[in-house]
Amino acid sequence: MCQECSQPCDCPAESPLCPVGTSLVLDGCSCCKVCARQAGEPCSFLEPCDHHKDLYCDYGVLSDTETGICMAQEGQTCDLGGVIYRSGETFQPSCKHQCVCMNGEIGCVPTCASNIRLPSPDCPYPRRVQIPGKCCEEWVCDQIPQEDTFQSAMAAYREITDQSVQPESARDNCIVQTTEWSECSATCGMGLSSRVTNDNEQCQLERQTRMCMIRPCHAELEKDIKRGKKCVRTPKSQRGMRFELSGCQSVRLYKPKFCGVCTDGRCCTPHATATVEVEFRCPEGDTFRKRMMFIKTCSCHHDCPRENDIFLASHSRRMIGDYDNDM
């Protein structure tokens, strides 16, 4: 290993383009960025396994001591429709999703574009159609509305009565439309929430996402319930903590509020939240910023979401005003 790292770094000008769901990591010399090896693939000192998925290089499987096989750390398996996946295993339940099992939880990313097209003068009635032989739907432009289309209800352009007045930008003539944030995809630990909005300069509908943590996993919140009470609604972290995401940690320390638990069958979910940008730093030295939900208040109720939802649930519980903040 020392001999392999004794030469100066000589890396390509551009980082390699990795497949969907594959991390870009530093090689064993912490020199060049490479596409991380996945579960079951051969690995070496210069071709490390994807540590973001808790994979490690097991050199005891092959007779070649310099080459190993990427194996998953001990963790809970995932059950999807009766099919069992190992922790760290990547799979595709359909052509539209790429998923990974992470210690009993399943996370998925779409392989198809989720953009929404707005009506425009050259495309007054856009709609998605399924092309035979292709997985992902594609946009087509109709000149007359379809009977069952709902796109006209999403039109974001007002009619311009005075043709001599030209708008400075698409936003000047835009009717802002924003949906509510969806429920967090995980009842404990880091999850994902999303919404659709056209509140941007192009007045184009886009899907926004934010990270969310309703409560830490394995937290003993029951001990915070006061005598005579059945719930603890919004406990707050007493010590500063760093959020973790795919092996990366938040640069700053936070003392977030969480939703508590009940002993009478009710569940506690966010009631009022704020959206804040959080900066993360990875072991490779890279930094990135992610929107994250911060809880202001929670409510305890019997309208509980289903357990073990792996995709964003259709279950929806309206929250009061969410606030976008920058830190």
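Q: What makes E17 and E18 a hairpin in this predicted model?
A: Five residues lie between E17 and E18, and the two strands form a hairpin. They run antiparallel and are joined by 14 bridges. Two strands count as paired from at least two bridges, so with 14 bridges E17 and E18 are a pair. In the turn, Gly 285 has a positive phi of about 100°.

Q: Which residue stands opposite Arg 289 in this pairing?
A: Glu 279 stands opposite Arg 289, which belongs to E18.

Q: How do you know that E16 and E17 pair?
A: E16 and E17 are connected in the antiparallel sense over two bridges. The requirement is at least two bridges, so two bridges meet it. Here Gln 249 stands opposite Arg 281 in E17.

Q: Why is E17 called mostly covered?
A: Of the 15 residues in E17, 11 are buried. Buried means under 20% relative accessible area.

Q: What makes Glu 277 and Arg 289 a salt bridge?
A: The closest N and O atoms of Glu 277 and Arg 289 are 3.0 Å apart. The limit is 4 Å between a side-chain nitrogen of Lys or Arg and a carboxyl oxygen of Asp or Glu, so the pair qualifies. Glu 277 lies in strand E17 and Arg 289 in strand E18, so the bridge ties together parts that are 12 residues apart in sequence.

Q: Why are Glu 277 and Arg 289 called partly exposed?
A: Glu 277 has 29% relative accessibility and Arg 289 has 43%.

Q: How many salt bridges does the whole structure hold?
A: A search finds six. Among them is the contact of Arg 37 with Glu 47, at 2.9 Å from N to O.

Q: Why does the pair of Arg 37 and Glu 47 tie together separate parts of the sequence?
A: Arg 37 is in the loop between strand E2 (33–35) and strand E3 (42–43), while Glu 47 is in the loop between E3 and strand E4 (55–58), so the linked parts are 10 residues apart in sequence. Arg 37, at 25% relative accessibility, is partly exposed, and so is Glu 47 at 36%.

Q: What makes Tyr 85 and Phe 91 a stacked pair?
A: Their ring centres are 3.6 Å apart and their planes stand at 10°. Centres within 6.5 Å make a pair and planes under 30 degrees apart make it stacked, so this pair is stacked. The structure holds five aromatic pairs.

Q: How do you know whether Tyr 85 and Phe 91 are buried or exposed?
A: Tyr 85 has 14% relative accessibility and Phe 91 has 7%. The cut-off for buried is under 20%, so both residues are buried.

Q: Why is the pair of Tyr 254 and Phe 294 called tilted?
A: The ring centres of Tyr 254 and Phe 294 are 5.4 Å apart, with the planes at 55°. Stacked requires under 30 degrees and edge-to-face over 60, so 55° leaves this pair as tilted. Tyr 254 lies in the loop between strand E16 (248–250) and strand E17 (267–281), and Phe 294 lies in strand E18 (residues 287–301), 40 residues apart. Tyr 254 is buried at 6% relative accessibility, as is Phe 294 at 13%.

Q: Which residues do ring pairs link into a cluster?
A: The cluster consists of Phe 243, Tyr 254 and Phe 294.

Methods:
Residues numbered from 1 in each chain as written. Predicted model: local features only at pLDDT ≥ 70, side-chain atom pairs only at ≥ 80, totals over all residues. Heavy atoms only, no water. Phe/Tyr/Trp six-rings, centres within 6.5 Å; stacked < 30°, edge-to-face > 60°. Buried < 20%, exposed > 50% of the residue type's maximum accessible area, 1.4 Å probe, protein only. Helix = DSSP H or I, 4+ residues; strand = E, 2+ residues; numbered from the N terminus.
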